[in-house]
Amino acid sequence: MMKIEDKGTILQRFVANCQKLKIEQNIWQKAMKTFHKLNVDGVLSNEADDWLCCAVYSELQQTKMKDMRQEVDNTKADDHEPWDKKARCQSWNISLTKLLRSFSININKFLRRMEHWNWLAQNGEVFQQEVSDLERRLGITLLLLQHYKRIFQQLYVLPATTDSRAHYQMIYEFGWLLFLVVRNELPPFATTNIINGCQVLVCALELVYVNALEVYKSDVINTAFQGVPPRWCNKDFDIDLLHKYSAMDAICGLIPELPAKGARIMKNAFFHKAVMGLFMDQRLLGNDRVMRELIKDGILEVNLASLNRSYAVHVSDISEIDERVLLKHTPQSSADKEPALREEKQQNNVSEANRKLISELTSDTQRDNLTKLLTDALPQTMATYISGALGKSDVKLLQQSLLEMCHKFESAAHLNTNTTDSRFNMVRGLYYQLLDKIIGAELRRKPTIKLAQLLIQLQRTFNVALIACCLQLVLHIFEAQEPQLKFPWLLKCFNIDAYEFQKIIELVVRHESGLLTRDLIKHLHDVEAQCLTSLIWQKNSQLWRIYASTGLPRCQDVQSSSGQENVRAAPGAINICLRKFYHLANQRLAYLCKCLSLLASYTQIWHIVEHSIIVHGYELLRERHLDQLLMCAIYLCVRKGQLRISFSDIIQQYRRQPHAQSAIYRAVHFADGQPNTDIITFYNRVYVQRMAEYACALHCEQSSPGNKSIFVQWPLQELSSKMRLKSNGNNTNVFVSPEAMPRICMANGCRAKIITETATPKNLKRAHSNEELGKHTSTSKRPNILRRRTTFQ
């Protein structure tokens with residue numbers, strides 16, 4: 001629990017924040033009461049400000065929803081006078097941005113906290129959907145912002161004079177603001193659909209660009225852009241020609257995935273009408289007949305102020321984020337002759353040798369990855385407070401570990417000494433930086449722990465795994481030049497167990513705090529998925545030794561109510577690992593079932609999958625891949641239900657998944673000492689032998705539509721399949737996810753019993769598989785799914 005003085009200070013600050021925001025007393029008192037109710041065990045005390053912000057946000061949202069319902073009810077009632085809108089609570093008429101700024105919490109952390117808070121407070125589905133919608137809208141906006149900045153750099157150049165720079169900055173802000181305002185005038189599809197949102201963005205960019213062309217001899221226009229009208233640079237150019245001019249095709253050409261036809265339809269059907277509405281409301285001044293004269297002759301400044309006032313009214317709502325703040329910096333055009341200050345600083349921080357190294361990379365993404373690491377000035381020595389706590393001998397041991405791994409890497413990778421030294425200089429800096437962040441976070445979580453004691457707990461496996469993880473990030477950057485070093489080569493090189501390695505990924509992603517780019521974080525997630533789906537199930541994995549006597553636990557056995565497990569402590573680490581594994585199984589199975597129109601059978605299939613793992617995991621999962629068990633479970637359920645779906649149909653849908661590999665269904669481990677086989681042979685000769693009786697006896701009454709109460713969804717934010725936002729200094733990394741997955745049955749009273757005996761009913765075997773592929777052959781010959789003529793090739 002918090003100390004008395006700490007508690008008093010935090011609550012005093014909370015009340016002051018609420019009063020500054022003019023939040024009504026009864027609302028923040030309810031928020032405080034809820035916080036204390038949920039903090040009985042003191043779990044929320046370490047970051048009380050964050051949780052109090054979630055509490056007050058929840059109360060504001062609940063108040064708003066109540067007010068809106070009352071407004072609708074009173075409007076519809078015949079025996080009531082029209083309801084006075086001024087009587088409703090005014091506290092929620094503040095933007096979420098203002099609330100977060102007051103509580104000093106960024107949107108990334110707030111969304112993570114709210115997901116956990118919703119679960120703790122048992123908030124209703126409608127309220128949870130509000131948070132989900134907010135998260136998704138913001139994710140889409142951030143993706144569109146990346147397009148806006150990139151396209152803007154192609155249309156304009158940053159001029160040298162101060163006045164022209166101010167004009168350039170106003171156009172930059174005006175284009176983004178016009179997009180936000182117009183989007184809010186359109187139907188919801190413009191905010192919930194990335195394609196439509198992109199079309200609206202292009203329309204806004206095109207309108208502002210053509211209006212910018214009206215300024216005579218404007219030095220902000222990039223004359224190298226192909227959308228510049230012919231003879232525009234000439235003195236005798238007729239400005240009136242711009243009244244009917246369109247640069248739509250040229251601007252759409254900057255987004256190859258966006259057809260110009262769709263953007264033109266959006267412009268004519270929706271965008272044009274929305275802009276006309278702004279003219280009619282006098283939120284825009286200019287020539288409304290041709291939608292011109294928005295920028296020239298000083299009108300730009302007036303229009304910018306007008307749209308800012310309009311947008312400020314729109315975001316005066318606790319459900320809204322002020323998306324103007326996302327546009328933090330003036331963009332740097334590729335055609336600019338005078339670099340911006342930030343880029344000057346970056347260039348000064350990058351040596352000539354490093355600039356050459358960056359230029360050798362062929363991928364823009366990898367160049368960005370490397371530039372980010374090099375310009376962040378990675379340390380080449382350990383943090384003083386860490387080295388001081390360790391002592392000289394222990395520091396020397398860590399440095400020796402780095403040196404030994406460097407030599408081992410050089411020998412195994414067959415790279416020259418200069419290349420190896422270059423790679424390991426980055427590895428060393430990343431290692432020291434991440435070690436500082438991880439230990440610093442642990443000290444903040446447990447302020448009373450002694451640093452020397454903490455460092456002793458971080459055994460050698462931790463340091464080797466962390467160094468290896470840093471090396472994997474560097475190898476990913478240079479993967480195009482050194483494809484032979486692609487993961488999991490690194491695990492073999494240093495003899496690292498995949499289970500240990502996936503634990504360090506969790507720590508790095510949790511504590512990187514903007515050090516890594518979006519692509520590097522995505523790569524770590526991909527590596528983690530490889531570990532969870534196959535590498536941790538290799539025959540020499542630690543997991544088999546841990547569960548040798550007890551067998552693997554069920555899905556509900558690894559769920560946690562607190563989310564506070566220690567990633568390195570054995571019980572917590574195992575739970576986190578298996579929880580992620582089950583989540584991945586749930587996610588991939590749901591996708592396949594949806595593609596095969598089998599969502600109605602999802603719960604039955606999930607029981608089969610879980611049984612294959614917890615009862616027959618050693619025989620079926622060892623040396624194999626999760627996806628193989630998922631496909632077999634689907635087909636077993638299909639055969640049981642006598643549905644008209646072939647194994648080749650399942651493989652066809654599997655191949656459409658982004659993580660699909662042909663080796664998954666072409667090269668399945670058969671038995672120790674025997675060559676790999678195809679998945680159909682594995683199903684017939686191994687899988688169905690162990691799973692048939694369970695599938696025949698399987699009956700889950702609770703999976704019927706009338707028994708929704710026993711279904712549960714993943715409770716913690718670590719397992720959410722939703723979008724994630726990662727703040728990265730001036731940039732924000734965004735991950736947008738698919739829609740929610742179907743629920744799984746985890747009721748204790750479920751009659752989907754566990755059976756250890758095995759039998760093989762003939763009707764569940766995969767017979768005449770080649771006939772299903774449209775090729776008749778003798779049933780005595782096993783199906784050849786390796787030939788390119790098959791339908792799922």
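A contact is counted where heavy atoms lie within 4.5 Å. By this criterion, Asn287 touches Phe279, Arg292 and Glu293, not counting residues up to four places away in sequence. The structure is a predicted model, in which local features need pLDDT of at least 70 and side-chain atom pairs count only at pLDDT 80 or more, whereas totals for chains, interfaces and linings use all residues. Residues are numbered from 1 along each chain as its sequence is written, and side-chain values use heavy atoms, with hydrogens and water left out.

The protein has 32 helices and four strands. Of contacts between residues at least 6 apart in sequence, 75% join residues at least 24 apart. The accessible surface of the protein comes to about 37,800 Å², and 50% of this surface belongs to carbon and sulfur atoms. Accessible areas come from the Shrake-Rupley method with a 1.4 Å probe, and for residues only the protein chains shown count as cover. A residue is called buried under 20% relative accessible area, exposed over 50%, and partly exposed in between (1.4 Å probe, protein chains only). Buried residues make up 53% of the 793 residues in the protein.

Asn287 is placed in the loop between helix H11 (260-280) and helix H12 (299-314). Asn287 is buried, its relative accessible area being 15%. Gln282 is also placed in the loop between H11 and H12, but Gln282 is exposed, with a relative accessible area of 61%. Although Gln282 is not a glycine, its phi is positive, at about 60°. A positive phi, of about 55°, is also found at Gln122, again not a glycine. Gln122 belongs to the loop between helix H5 (107-121) and helix H6 (125-155) and counts as exposed at 61% relative accessibility.

The interior was described through nonpolar cores, each a set of buried Ala, Val, Leu, Ile, Met, Phe, Trp, Tyr and Cys residues joined through side-chain atoms within 4.5 Å. The largest such core has 133 residues, and those with the most contacts inside it are Phe409, Leu466, Phe501, Leu516, Ile608, Met631 and Tyr687. Helix H20 (residues 460-477) gives the most to this core, contributing 13 residues. Another core lies apart from it and has 109 residues, among them Tyr148, Phe237, Ala247 and Val275.

Aromatic rings were examined next. A pair of aromatic rings is described by the distance of the centres and the angle of the planes. Rings of Phe, Tyr and Trp (its six-membered ring) pair if their centres lie within 6.5 Å; planes under 30 degrees apart count as stacked, over 60 as edge-to-face and the rest as tilted. The structure holds 29 aromatic pairs. Phe409 and Phe424 form a tilted pair, 5.8 Å centre to centre and with 50° between the planes. Phe409 lies in helix H17 (residues 392-413) and Phe424 in helix H18 (residues 417-445), so this pair ties together parts that are 15 residues apart in sequence. Phe409 is buried at a relative accessible area of 0%, and Phe424 is buried at 3%.

Phe487 and Phe501 form a stacked pair, with 5.7 Å centre to centre and 25° between the planes. This pair links distant parts of the chain, 14 residues apart: Phe487 is in the loop between H20 and helix H21 (489-494), and Phe501 is in helix H22 (residues 498-511). Phe487 is buried, with a relative accessible area of 6%, and Phe501 is buried, with 0%. A cis peptide bond, with omega of about 15°, joins Phe487 and Pro488. Pro488 is placed in the loop between H20 and H21.

One aromatic cluster is formed by Tyr148, Phe152, Tyr156, Tyr168, Tyr172, Trp176, Phe179, Tyr209 and Phe225. A charge is taken to sit over a ring if NZ of Lys or CZ of Arg is within 6 Å of the ring centre and within 35 degrees of the ring normal. Arg423 lies over the face of Phe478, at 3.7 Å from the ring centre, and Arg622 lies over the face of Tyr618, at 4.5 Å from the ring centre.

A disulfide is a pair of cysteine sulfur atoms within 2.5 Å, and by this rule the count comes to zero disulfides. The sulfur of Cys577 is 8.8 Å from the closest cysteine sulfur, in Cys531, which is too far for a bond. Cys577 counts as buried at 0% relative accessibility, whereas Cys233 is exposed, with a relative accessible area of 54%.

Conventions:
Helices (H or I, at least four residues) and strands (E, at least two) are DSSP runs, numbered from the N terminus.
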